[in-house]
Amino acid sequence: METATPISTAEPKLALSPWQLFWQRLKRRKIALFGGAVLIFLYLVAIFAGFISPYDYQRLDRDRFFHPPIWPKLEHFHFVVPRYEQLPGDFVYRAVSGDTQPLHFFVRGDKYKLLGLIPASIHLFGSDGNHPLYLFGTDQFGRDVFSRLIYGSQISLSIGVIGILLSFSFGMIIGGVSGYFAGATDTVIMRVCELIMSIPALYLIISLRATFPPSMTSAQIYAMIIIILSFIGWASMARVIRGMTLSLREQQFVLAARTLGQSHLKIIVRHILPNTFSYVIVAATLNVPYYILGEVVLSFLGVGIQEPSASWGLMLNAAQNTEYMKNYPWLLAPGAAIFVTVLAFNFLGDGLRDAADTKSL
Amino acid sequence: MNLLEIKNLKMDFGKGANALRAIDDISFTIGAGETVCLVGESGCGKTVTALSIAHLVATPPANYVGGEILLNGQDTLKMSARELQNIRGGVVSYVFQDPGASLNPVFRIGNQIKESLKLHRPEKADDAEVIRLLKLVGIPAPESRIRNYSFEMSGGMQQRVMIAMALASEPKLLVADEPTTALDVTIQAQILDLLRDLKQRLGMAILLITHNLGIVGDMADRVAVMYAGQIVELAPARELLRRPLHPYTKALMNSVPKLRGDTNRLSAIPGNVPRIGNFPPGCRFAPRCPIAKPECSEKIPELLEVEPGRFVRCPFWKTE
């Protein structure tokens, strides 16, 4: 005899949190996921720069200035690195046929510090000294462009994220305070924002740069660039958050929080600002490129990151000569890296925006 | 000593020539464990009066020009911001009309109740206490409900959560501002039952704001009827409902639809509620009053104790 089947054996479906809903909508946007994957890859490379780059970013090869890219070849199911020899004339190189050495993985090479802490010397790949592997060629000092690109991404990519964190948290607090208290506070803060926004960004950047001493250590310059870019960036964020706060402060849950005896600052931080997160996350993603480009501009103008440190803007600075551009186009590799990064951020940001829009499906 | 004592409270919106008198000479008391109802039409100042108790109306635009609000003997209008934060929630808690809007949509309800606990009873700010509170207000399966967001609950459940939040701090006075208006009738009855039950169990006083006279009969010990920023009648609930004295109260009770009788049209009070800033001189109800006399429009009548415990703002209350 059959037993009666229960009416429903299904597990009660747990309601999804807003973040889970957000993720479900984001998953359907492949191009955004692609952008996100590219970014994760780029940031991982930046974090493990020392391990992935075959050489130290300061290492000079005095025999090979402006060397064109050297790519490993596949021979008998093994990667081998050809040897190049310099021909008479200006930096003309030719591969020596038949003279190759195998490409090695996990080889010992230049010393570096993994994550800036752990001393190490193992690199992902490398070859012996007479058969150097310059994937993107070398620059005017015979430094490996590929290695410098990877080390440079540490500066260029982190400036975007740290700059956004700094300027957005500042902008959110200021905007929240401005919108929450309204009245005279609001008027003063908003006029200051408009003042900052009304000055053309480039002039502001350069005049702000002038307020700092001309010679600084790399770390100081790095901090200075972030401060300058954040100083310019917070105002527009503050204005948008202020507008959202003006409407949120009238919500009953704000009054409810006040009836519980919650302080103004906590109401702003805990009740109002979290309601703006869906906007902020999207805006932050779409704004990171401006900070990356800001560093590029500063370094390109020669007031940003200084030699021998590596950043994408500084490397492009070396390529601004048209003759270099014509004869040694591999020096433009950082431009391609910037292009890919900015595009990836925009793909991801667009997808986040669609996913954060609760009206979309 | 009464738990709450409002004496001759006067409050304007705006200052100087633009001042609009929103609350005019309001006085009433609430004893410990008592339920007082504040009744009146929309815009007559009920909510503003209730919010004033914990000084929750922003100043400016509000401007308290006279009177005092003694909560446990201390004037809340003179308190510092720090003292007010302790009073809010600690002594007086609020429940509002629209529970969906009163809960923050980006937090789980358990965390919101915990926020109230952290502020007033930090030693008990844990899940166990939140679950106990949710049980207290009759939410089934509270262990799983604490992880819900407000928009995943029905209106009645949301209101129960709001009440749990208000109770978390163990207040002496619960101000419920039309707590059932946004709910349907069966849920209304449940929420009112809950409030009555909690009042008995926890011994708190309730200030219930409503424009539903049925709720008054159900819940109140005493009633204050407000009209255009003034209390026009203050009386024990039973007596007021059985024998209203002020012409406005009478008219209000006449407007309640009756199930029996052969009237086929609702009786309404002629005219409109005067707008704030545009009050008629003298008695504010005079233009709509069936028994108004010419002298009614000359001087604002006093709120007089005409019988023990019964106050009426009308010198002609004996007129039938």
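Domain bounds, as used in these legends, come from an automatic or database domain assignment. The model shown is predicted, with local features needing pLDDT of at least 70 and side-chain atom pairs counting only at pLDDT 80 or more, whereas totals for chains, interfaces and linings use all residues. Residues are numbered from 1 along each chain as its sequence is written, and chains are lettered from A and ligands numbered from 1 in the order in which they are written.

**View 1. The two domains of chain A.** Chain A is divided into domain 1 (50–143) and domain 2 (149–356), and their centres, taken over C-alpha atoms, are separated by 36 Å. Domain 1 of chain A brings 11 residues to the contact and domain 2 of chain A brings 10 residues, where two residues are in contact if their C-beta atoms, placed from the backbone, lie within 7 Å.

**View 2. The side of chain B that touches chain A.** Chain B contributes 22 residues to this contact and chain A 15 residues. At least two residues each on the chain B side come from α2 (81–90), β6 (92–95), α3 (99–102) and α4 (109–120), helices (H or I, at least four residues) and strands (E, at least two) being DSSP runs numbered from the N terminus. With five residues, α2(B) gives the most to that side.

**View 3. Strand β6 of chain B and its partner.** B:Val92 and B:Tyr94 on one side of β6(B), and B:Ser93 and B:Val95 on the other, are all buried, that is, 20 or more other C-beta atoms lie within 10 Å of their own, with C-beta atoms placed from the backbone. β6(B) runs parallel to strand β7 (residues 173–177) of chain B, to which four bridges join it, and two strands pair if DSSP finds at least two bridges between them. Opposite B:Val95 stands B:Ala176 in β7(B).

**View 4. The open antiparallel sheet of chain B.** Four strands with antiparallel pairing follow the order β2-β1-β4-β5 in chain B. Because β2 (20–30) and β5 (74–75) of chain B stand at the edges with a single partner strand each, one side of each is left without a neighbour in the sheet. Seven bridges join β2(B) to strand β1 (residues 4–13) of chain B, and B:Leu4 has B:Ile30 as its bridge partner in β2(B).

**View 5. Surroundings of B:Ala164.** Not counting residues up to four places away in sequence, B:Ala164 touches B:Ile113, B:Leu133, B:Leu134, B:Leu136 and B:Val137.

Notes: Buried ≥ 20, exposed ≤ 12 C-beta atoms within 10 Å, placed from the backbone.
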